[in-house]
Each structure stands twice: as C-alpha cells, then as structure tokens.
Number of protein chains: 2
Amino acid sequence: MKKRIITIGREFGSGGRTIGKMVSERLGIPCYDQELIEKLAEESGLSKDYIRDESEYASHSSWTAVAFSSVRSMGVPSNQDYLWAIQRKIILQLGEKENCVIVGRCADAILEDTADLLKVFIHADFEHRAARIVEKYGETEVPTEKRLREKDKRRALYYQFYTDLEWGKMDHYHVILDSGVLGLEKCADIICSLY
Amino acid sequence: MKKRIITIGREFGSGGRTIGKMVSERLGIPCYDQELIEKLAEESGLSKDYIRDESEYASHSSWTAVAFSSVRSMGVPSNQDYLWAIQRKIILQLGEKENCVIVGRCADAILEDTADLLKVFIHADFEHRAARIVEKYGETEVPTEKRLREKDKRRALYYQFYTDLEWGKMDHYHVILDSGVLGLEKCADIICSLY
C-alpha cells in the first residue's frame, strides 16, 4: 500500500515549516524539511558520478531541455542540478519508506505517482511574513520586502525549473491556507483533520 | 461589531454552492447564492434610474475606466453593469444585516472593508467537475469540457471586471479546498471549524 504523505509548499515567512513540525508531532510521524533532506543527501554517499550515470536524469527531457535555457542564467546554480537529483532520490526513498511530512523540495511533484499525498500550500500576506522573518532570522542589510520577494522568486523558479509546474498554483494543491489570518495552530488542526 | 460572513468563490461544478448550503445549515445562518441575490435585487425595487443617480457608481474609477475597454467586448453584457450595481448594494446590505454565507457574486471583494470575512475558494479537477455537472444539469449539446471552460472563463472575467482582482488567485482567500479530493462534507467540516 502507498505511504500517506503530507507535502507542504509554502511562501517564505508563512510558517509552513513550523506547521509541518506541529503536524508531525501531533500525528506521530517524522517531518523532513530542506535542512534534513540535505543532511540525508550528504550522508547517503550519493556522488555526482552516481547521478551522472543514472540514465533517468541523463535522458530526462524537461531536464535537458531547460538545462541550458535562459532560466538557467536567471539564478539557479548549475551544481544545484546534482543536488536536486540526489534530493529527489532521497524523497522517493522516503516516499516508499514511511508515512511522513515533507516540507518543500518539490516533494508534491516528485511523489505524485508513488505515494498517497495530501498536498498543502501555506501562504500569508506581506505584513505577517515580514514580521515573522524579522522575528525568526533578525534584520539584515537587505530590506525585508526584498528578502521575501527574492526568496519566493527563487522557490517559484526552482519549482518550475524542476517540475514544469507553476509554484503555488491552486490546481496542484488539496488545501491552501492563509496562515497569517488563520494562525499556525489552526492550520495544523486542519491538516491533521484531513490526514 | 462587524458581521461574520463566509464568502465562497468556486469553479463551476466544484460543488461550492452545495458546500455553502451545508455550512449554512450546520451553523444555523442563511446562505445567499446567485439565484437568491438576483431574487432579492428584483424584489428590492432598485431601478436603473436609482443606480444611475448613485454617484458612487457614476464616479467609480475602476468602473468607468473599464466600462468601455476591450474587456467589455469580450462577453460581459452591458446591462450586467446595472445588475452588478444592484447586487452589490444588496450584498452590502446583507453584510450589515446578519452573519451569513454568500456564494459567488464577488462578495469577498465587495465586503472586504465592511464585514469580518472568512474567504473560501472551492476548486476540483476536470474529471470531478465534469461528472458533477452532468449528474446535476444533465448532458447538453455543448461538450462538458467546453461548458466548464466557458463558465469558468465568464466567472473569472466577471470577477476581474468588477473587482480589478484576479479570480481564484491564492492571495485573496483564507482557505482554498479541492472538493474533488477532499469531498464536499470534509470541505464543509473545515469551513465550519474555522467560523
């Protein structure tokens, strides 16, 4: 039987990762976020050579088609491709191993056919997100609005680049919640109630 | 104190109106859908002259700016403007009168500043919506896919024309639910739990 997996896409500063952790604790299943998946990828010993030899990646049409396109020059670093492939492999393995929550990393698109997904997206208005990132990460030289815009742009670009889908487009998600208005607890309630 | 109002936008065939009625019954508050609002507008005795004399409409910038634009020639009938103005007035009155559910009619945009809103949008994939409209309204000479596309296009155009906002865009809504995957009952559960 397919594993039941909650994927959470999120705007920067919307609290999506925190909600993922709350849900995971309440449901007693693990939560994998970007940090943890990167760590797993590191530990996995998967090397660039391994990825290069994987014909799945070498011949993937959208992969090769966009790899040298203008999108490439818009900010996605080329070694990101290797990291993506490794992370994709890790996420596919997680998707076969256990029920869990996965935050970000295009997990919704990667696991679409192999797991039983509840696809969630979390967003919030600028004010809520700005307050959250300043509280969480502090002020920086870069104005808050610019930090939000750039991070979201990178996420959207990353998602579109590797999945050929539009990030945050309603059609891809089962539940989309405004964490600014609803609050993180309530968002976690809803996700748990749907699991 | 502002009235607490649930607005439900929806793709054609997604069951948004049915969900609105379920929510209204469970919460014991009235539900106003397109049909009922049109009936109220008819009964209200508001005439074209009344609307024409209302300076709010006569001088409304987005109103006059787009009234003769290319959007106008794309399918919004000109007497729709009067109907819109009357319905807008009715919705503003409802928003001051009582807690309720309002389905469609741009109520979310109309009541943004005057009521305490829970803004919901319901969508579903093509297959679920097609099955639903055939079951509900029967087959017609027009292919199902075309019926869905045209109705959604009209709704999107109507919404954008009168509100200057993009229909179904995530930012405008507090909760967006896929009724095809979640089911109507579960959607109603979530909305009630947030009220």
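Me: What percentage of the 195 residues of chain A count as buried?

Reply: Heads-up: this is a predicted model, where local features need pLDDT of at least 70, side-chain atom pairs count only at pLDDT 80 or more, and totals for chains, interfaces and linings use all residues. Residues are numbered from 1 along each chain as its sequence is written, while chains are lettered from A and ligands numbered from 1 in the order in which they are written. A residue is buried if 20 or more other C-beta atoms, placed from the backbone, lie within 10 Å of its own; 12 or fewer makes it exposed, and anything in between partly exposed. On that count, the buried part of chain A's 195 residues comes to 38%.

Me: What gives the most to the side of chain B that touches chain A?

Reply: Contact here means C-beta atoms, placed from the backbone, within 7 Å, and 15 residues of chain B are in contact with 15 residues of chain A. Strand S5 (175–178), helix H10 (179–182) and helix H11 (184–194) of chain B each supply at least two residues of that side. The top contributor, with four residues, is S5(B).

Me: What is the bridge partner of A:Val175 in S5(B)?

Reply: Strands pair if DSSP finds at least two bridges between them. S5 of chain A (residues 175–178) and S5(B) run antiparallel and are joined by three bridges. In S5(B), the partner of A:Val175 is B:Leu177.

Me: How far apart are the end C-alpha atoms of helix H1 of chain A?

Reply: The expected span of a helix is 1.5 Å times one less than its number of residues. For the twelve residues of H1 (residues 16–27) of chain A that gives 16 Å, and the model agrees, so the ends are apart by 16 Å.

Me: Is A:Arg105 buried or exposed?

Reply: A:Arg105 sits in the loop between S3 and helix H7 (107–110) of chain A. Though not a glycine, A:Arg105 has a positive phi of about 60°. Most residues other than glycine have a negative phi. With 24 other C-beta atoms within 10 Å, A:Arg105 is buried.

Me: How far apart in space are A:Tyr159 and A:Cys106, C-alpha to C-alpha?

Reply: A:Tyr159 lies in helix H9 (residues 144–163) of chain A and is buried, with 22 other C-beta atoms within 10 Å. Leaving aside neighbours within four places in sequence, its contacts are A:Cys106, A:Leu165 and A:Trp167. A:Tyr159 and A:Cys106 are 53 residues apart in sequence, yet their C-alpha to C-alpha distance is 6.1 Å.

Conventions: Contact = placed C-beta atoms within 7 Å.
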